[in-house]
Each structure stands twice: as structure tokens, then as C-alpha cells.
Amino acid sequence: MKDTGYNNPYIVEENDAGWLVTYADLMTLLMVFFVLLYSLASFEKERYKTTVTSLTAAVQTQSEMEGIMKFLGKPDGFDQKIRIDEITGLRNRDTALYRSMDRLVKNAAQKESLSLEASSGKLIITVSGEALFASGSARLNSQALPAMDEMINLLKKYTEYNINIKGHTDNVPIATKAFPSNWELSAIRATTVLKHLIAKGISAQRLTATGYGQLIPLAANTTEENRAKNRRVEFVLEKNQSTW
């Protein structure tokens with residue numbers, strides 16, 4: 001509004017709508033500011049997702065690489081001399097076997113009953129006793145056969161590996177007509193698995209079966225959880241020395 005109270009030359013008359021321009025500029029700046037904040041927040045969110053994904057992949061790759069190195073008999077990692085067979089790729093089959101078994105264990109329907117371990121050139125697939133057998137029985141559970149047969153199909157492709165099947169029990173005594181002790185139970189279970197592998201086409205020349213009873217527990221037999229862990233069958237894959 002015009003100031004009509006007195007004629008002051010230092011007072012400039014302004015248009016009535018002038019404040020609207022200032023107000024609009026302020027609103028524009030605020031909007032730009034909030035858009036900028038939102039963009040930064042979105043960028044940080046995407047970058048966080050990307051970082052987490054990268055870290056997860058790196059951890060999985062590192063875990064797999066550690067397993068492969070152990071399987072290849074190189075537990076100390078990269079401080080050993082590179083062998084000529086690695087340079088020429090002759091051990092690619094070993095790496096492929098490890099990766100295939102790792103995928104089989106992780107993707108199995110009963111993956112909580114399976115585990116994979118590599119140590120000094122040996123690959124050990126452990127299957128819980130409950131997954132394979134009912135309590136006090138040496139008859140294979142039918143539910144376990146699909147996963148076992150999948151593993152057998154894989155083993156058929158790697159004929160250079162021998163397979164030692166090891167049966168283990170907990171320390172709870174058993175004394176039945178069929179199984180006078182845990183040793184008989186573990187030995188017959190290992191033999192049952194061996195027979196199944198032969199029936200599915202694995203050469204008997206590659207197979208051995210051993211019963212250890214309660215002699216090699218994985219955990220103290222003080223809780224039911226630990227006893228369940230100790231009841232197991234192990235498939236120990238070791239390369240036939242004649243194929244090196």
C-alpha cells in the first residue's frame with residue numbers, strides 16, 4: 001500500500017503484490033531444499049542396499065573360497081607355491097565337486113539335516129541320524145532318499161573319489177537282539193547306506209563302511225540337542241591316489 005502519511009524520499013513505494021514474489025521465491029527454495037534432502041536420502045538408501053548386497057556376496061564368496069582351499073589341501077590360503085596342476089586347470093574338477101556339493105547341501109529340502117566340511121583334501125558330507133533312520137532302526141527313511149539319490153547322481157560324475165561311509169551314535173545304550181550295542185547299530189547303518197549306493201550304481205570298489213558307535217562325538221552327550229548332533233552318518237570323499 002502507498003504511504004500517504006508524509007513525503008519521505010527514502011521510502012520507496014512498493015507494489016501491493018511485491019511480497020508475493022518474495023514468498024514464492026522462499027517457497028521455491030524450500031521445495032528445492034526438501035527435494036535435495038529426499039534425493040540424498042534415496043541415494044543413501046540405494047547405496048546402503050548396494051553395500052549390503054556387495055558385503056553379503058563377498059562373505060559368501062569368501063566362505064566358499066575358504067572351503068575350496070581346505071578341500072584342495074591349502075588351509076593356509078595363498079602363502080603356498082602354485083602347483084602346476086592348478087596352473088593347467090587339472091584341479092578344476094575338485095573345485096566343481098566342492099561347489100556342486102555346497103549347492104546340494106544348501107538347497108536340500110532337509111538342509112538343516114545336512115552339512116558340508118572340507119579338510120586336508122577330504123570332503124565330508126554329514127547327514128543327521130534322524131534324517132536317515134528311525135530311532136533304533138537301520139532301515140532307511142523313504143523321505144531321505146530323494147536328497148541321497150541326488151548326491152549319488154553327483155558322486156557318479158566323480159569316479160576318481162572314493163567314499164568312506166561312517167556311522168556314529170550317541171552314548172545312550174542300546175541292547176536289542178538286532179543291535180547288542182551302539183557299535184553294531186552304527187556299523188549296520190553305515191552298511192545299509194553302502195548297499196543303497198551300490199544299488200544306485202556306485203562301484204563297490206569305491207566304497208567302504210565303518211561303524212564307530214559313540215566313540216567320536218561331535219559334542220558332549222549332555223543334552224538331547226548334542227546327542228542328536230552326535231547321531232549321524234558321514235560321507236567322506238577322498239581322491240583315489242592313483243588319479244593324481
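This is a predicted model: local features need pLDDT of at least 70, side-chain atom pairs count only at pLDDT 80 or more; totals for chains, interfaces and linings use all residues.
Contact here means heavy atoms within 4.5 Å. Axes are lines fitted to C-alpha atoms, for helices over the stretch in contact, and angles run from 0 to 180 degrees between N-to-C directions. Helices (H or I, at least four residues) and strands (E, at least two) are DSSP runs, numbered from the N terminus.

Residues are numbered from 1 along each chain as its sequence is written, and side-chain values use heavy atoms, with hydrogens and water left out.

**The chain as a whole**

The chain has seven helices and five strands. Starting at the N terminus, their order is α-α-α-β-β-α-α-β-α-β-α-β. The chain has 244 residues, and 35% of them count as buried. Buried means under 20% relative accessible area, exposed means over 50%, and partly exposed lies in between (1.4 Å probe, protein chains only). Among contacts with a separation of 6 or more, 68% join residues 24 or more positions apart.

**The sheet**

The five strands form an open sheet with mixed pairing, in the order β1-β2-β5-β3-β4. β1 and β4 (207–211) are the edge strands, and each pairs on one side only. From one strand to the next, the twist averages 20°. Two strands pair if DSSP finds at least two bridges between them. Strands of a sheet pair through backbone hydrogen bonds, either parallel or antiparallel.

| Strands | Sense | Bridges |
|---|---|---|
| β2 and β5 | antiparallel | seven bridges |
| β3 and β5 | antiparallel | eight bridges |
| β3 and β4 | parallel | five bridges |

Individual residues show how the strands line up. Ile124 stands opposite Val236 in β5. Asn162 has Glu238 of β5 as its bridge partner. Lys166 is bridged to Glu234, also in β5. Gly167 faces Val233 in β5 as its opposite residue. On the β4 side, Ile163 stands opposite Leu207.

The chain passes from β3 through α6 to β4, in a right-handed β-α-β crossover. Right-handed means that, with the strands pointing away from the viewer, the path from the first strand over the helix to the second runs clockwise.

How much of β3 is buried? Seven of its eight residues are, so β3 is largely enclosed by the rest of the structure. β5 is also mostly covered, with seven of its eight residues buried.

**The nonpolar core**

A nonpolar core is a set of buried Ala, Val, Leu, Ile, Met, Phe, Trp, Tyr and Cys residues joined through side-chain atoms within 4.5 Å. The largest one here holds 35 residues, and Met101, Ile163, Ile165, Val193, Leu197, Phe235 and Leu237 touch the most other members. The elements that each supply at least two residues of this core include α3 (92–107), β3 (161–168), α6 (182–199) and β5 (232–239). In soluble globular proteins, nonpolar side chains tend to be buried together.

Which residues does Val193 touch? Not counting residues up to four places away in sequence, they are Phe133, Leu140, Met148, Ile165, Val233 and Phe235.

**Two buried residues**

Phe133 lies in the loop between α4 and α5. Its relative accessibility is 2%, so Phe133 counts as buried. Beyond its neighbours within four places in sequence, Phe133 is in contact with residues including Leu140, Arg189, Thr192, Val193 and Val233. Ala144 is 11 residues away from Phe133 along the chain, and their C-alpha atoms are separated by 8.7 Å.

Asn226 lies in helix α7 (residues 224–230). Is Asn226 buried or exposed? Asn226 is buried, because its relative accessible area is 16%. Leaving aside neighbours within four places in sequence, Asn226 is in contact with Ala219 and Ala220.
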